[in-house]
Amino acid sequence: MEKALELFLGVLTAVGGFVEIGELTFSLNAGARFGYHLLSVIALGTVGIIVYCEMAGRVAAVAGQPVFNLIRERVGVSLGAVTLVAALAVNILTCAAEIGGIALVWQLLAPIPYRAWVAVALVFLLVAVWVLPFKWIERVFGLGGLLMIVYLVVAARDVRDWAELLAGFIPSAPKLESTSQYMLFAYYAVALLSSVMLPYETYFYASGAIEDKWTPADVPINRVIVIVGFTLGSLLAVALVSLGVTVFDPLHIEPQVPGVAALPVALAFGKAGLLVALAGLFFAFAGAAIETCLSGAYSLAQFFGWPWGRFRGHASAPRFTIAWIATFVLAALLIASGVDPVTVVEYSIVFSVVILPLTYFPLLLVAGDPRVMGRHVNGRLSSWLGWFYLVLVTITALAAIPLLVLTHGGRG
Amino acid sequence: MKRDVFDIALELLDHEVVDADGVPCGIVDDVELAGEPGKPLRAVALLIGPGTVADRLVWPFNVLVRRFVGRSRVRIPWRDVRAIDERIALRRSAQSHGLGDADRRCARLIARIPGSAR
């Protein structure tokens with residue numbers, strides 16, 4: 001019974017934690033600019049994150065090893081250090097964007113200055129992580145993120161043509177006017193893939209499995225949580241693309257501010273709908289802010305072998321504690337400097353894809369090593385899918401920066 | 001399983017080190033070997049600490065580690081290694097090996113904040 005409850009809550013938190021500010025921005029814009037054509041990229045990315053989070057959770061449950069220990073062990077200290085610095089930078093950027101997102105959402109409720117809301121958000125996040133045990137952090141923000149389902153309801157109601165939507169899952173490019181438009185399409189494909197497969201998700205998922213004291217007996221639970229939870233979670237991203245098509249494209253609005261995402265729900269359900277939509281956004285952004293912040297601290301602690309984890313208590317993992325506090329403060333200072341959260345998220349997502357191969361490669365090696373994994377070693381399907389996605393993210397990583405430059409940061 | 005031969009690169013170097021209580025206390029940043037050409041080579045100590053890892057890194061990472069993480073180096077004699085597994089386990093507590101000084105200093109700082117034992 002207890003296992004069944006854990007499984008149920010695990011799936012729900014995986015659903016509620018799926019969408020963050022990057023996915024939100026790129027999904028809505030992808031729909032508004034390119035119709036349903038990029039749904040196939042969301043599907044591709046969802047299978048990819050399922051494959052690699054399943055591996056990360058399994059390795060954590062069987063070998064007790066989180067991702068950054070593996071990175072250093074298997075790719076060596078030099079490439080490991082490159083990955084660490086890049087991962088820390090990307091985590092701070094993403095965390096900053098999420099904090100900015102929270103402030104912008106709150107600003108819609110009470111018009112006090114943006115920087116004051118950033119300060120309130122910082123204090124809220126610091127207190128939440130300081131006070132709540134790990135399981136409660138996962139559950140409060142994961143379950144709160146389920147309010148995002150309101151977007152799914154509105155999207156399903158508003159779909160013009162289901163056949164057209166379903167056809168979007170077959171890889172295809174729309175008819176566009178110029179090469180630069182195709183370039184922008186490729187940029188969106190890369191960014192959307194990256195936003196679904198963000199590297200911090202594997203860091204957080206594996207470290208979370210160790211926080212929750214998983215053992216090899218939890219391998220089946222891990223599999224169900226990632227397959228069911230992430231598949232259902234990806235429907236939220238699909239819904240956002242669909243709202244981009246049905247609401248934002250006809251109105252010629254480029255959804256560049258996170259709060260604008262609540263517009264379709266407000267149009268459909270009035271003030272109550274708006275409040276639910278904004279609450280969903282708040283939990284999604286706050287959950288992602290905490291995950292990216294803790295991921296940074298996990299990575300640093302695991303690279304240097306410091307005691308880490310919320311389960312140890314703050315004073316028993318002191319450098320880890322200082323690391324996550326510092327990450328929150330740096331991220332808040334960055335976003336309070338006045339940079340646009342959506343610009344920050346665009347850069348963080350494109351740079352994230354560059355570190356994906358260095359994150360996935362060691363994971364694939366260890367999950368496929370029978371000496372470490374015993375009977376839980378990668379099966380044929382995991383191996384094939386793992387290699388396929390490693391090649392895919394490597395090609396994507398090589399294309400990401402040139403596309404960012406050629407499309408002027410996605411501005412076309 | 002008792003063995004005489006280890007793959008230093010795969011089984012020792014860059015693996016996490018835990019003390020007698022199972023608490024992480026560093027990474028095997030380097031291994032000290034002894035022996036003469038033509039004679040058997042033996043591992044005599046594990047070298048742990050940011051000072052050691054910085055020596056293995058190129059610029060700017062070596063500078064960043066020395067500046068922001070520290071320069072300490074601790075030598076753990078091979079006889080103090082209890083087990084070699086995914087983690088390297090030591091026989092005694094981190095403190096008695098001279099490891100975790102920075103953690104103890106930071107812990108005093110954290111302990112001043114209410115609720116730090118949580």
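**Note on the predicted model: chains A and B**

1. Chain B contains four helices and seven strands. Read from the N terminus, its elements follow the order α-β-β-β-β-α-α-β-β-β-α. The model is a predicted one, and the points below should be read with that in mind.

2. On overall dimensions, the C-alpha atoms of chain B occupy a box of roughly 60 × 35 × 20 Å along the principal axes. Of the 118 residues in chain B, 27% are buried. Among contacts in chain B with a separation of 6 or more, 41% are between residues 24 or more positions apart.

3. Chain B has an open sheet of four strands, ordered 2-1-7-6, with mixed pairing. Its edges are strand 2 (24-27) and strand 6 (81-84) of chain B, each of which pairs on one side only. From one strand to the next, the twist averages 25 degrees.

4. Within this sheet, strand 1 (residues 16-18) and strand 7 (residues 88-90) of chain B run parallel and are joined by two bridges. Which residue of strand 7 is the bridge partner of Val17(B)? The partner is Ile88(B).

5. Turning to chain A, helix 4 (residues 67-109) packs against helix 13 (residues 318-336) of chain A at an angle of about 60 degrees, and the axes are 8 Å apart. The crossing of helix 4 of chain A past helix 13 of chain A is right-handed.

6. The residues that meet in this packing are, from helix 4 of chain A, Asn91(A), Ile92(A), Cys95(A), Ala96(A), Ile99(A) and Gly100(A). From helix 13 of chain A they are Thr327(A), Leu330(A), Ala331(A), Ala332(A), Leu334(A) and Ile335(A). Sorted by class, the contact between these two helices has nine nonpolar residues, three polar residues and no charged residues.

7. Leaving aside residues up to four places away in sequence, Tyr151(A) touches Leu236(A), Ala239(A), Leu240(A), Leu243(A), Val265(A) and Ala277(A).

Conventions. Residues numbered from 1 in each chain as written. Chains lettered and ligands numbered in written order. Predicted model: local features only at pLDDT ≥ 70, side-chain atom pairs only at ≥ 80, totals over all residues. Axes fitted to C-alpha atoms, helices over the stretch in contact; angles between N-to-C directions. Left-handed = near helix turned anticlockwise from the far one by under 90°. Contact = placed C-beta atoms within 7 Å. Nonpolar A, V, L, I, M, F, W, Y, C, P; charged D, E, K, R; others polar. Pairing = 2+ DSSP bridges. Buried ≥ 20, exposed ≤ 12 C-beta atoms within 10 Å, placed from the backbone.
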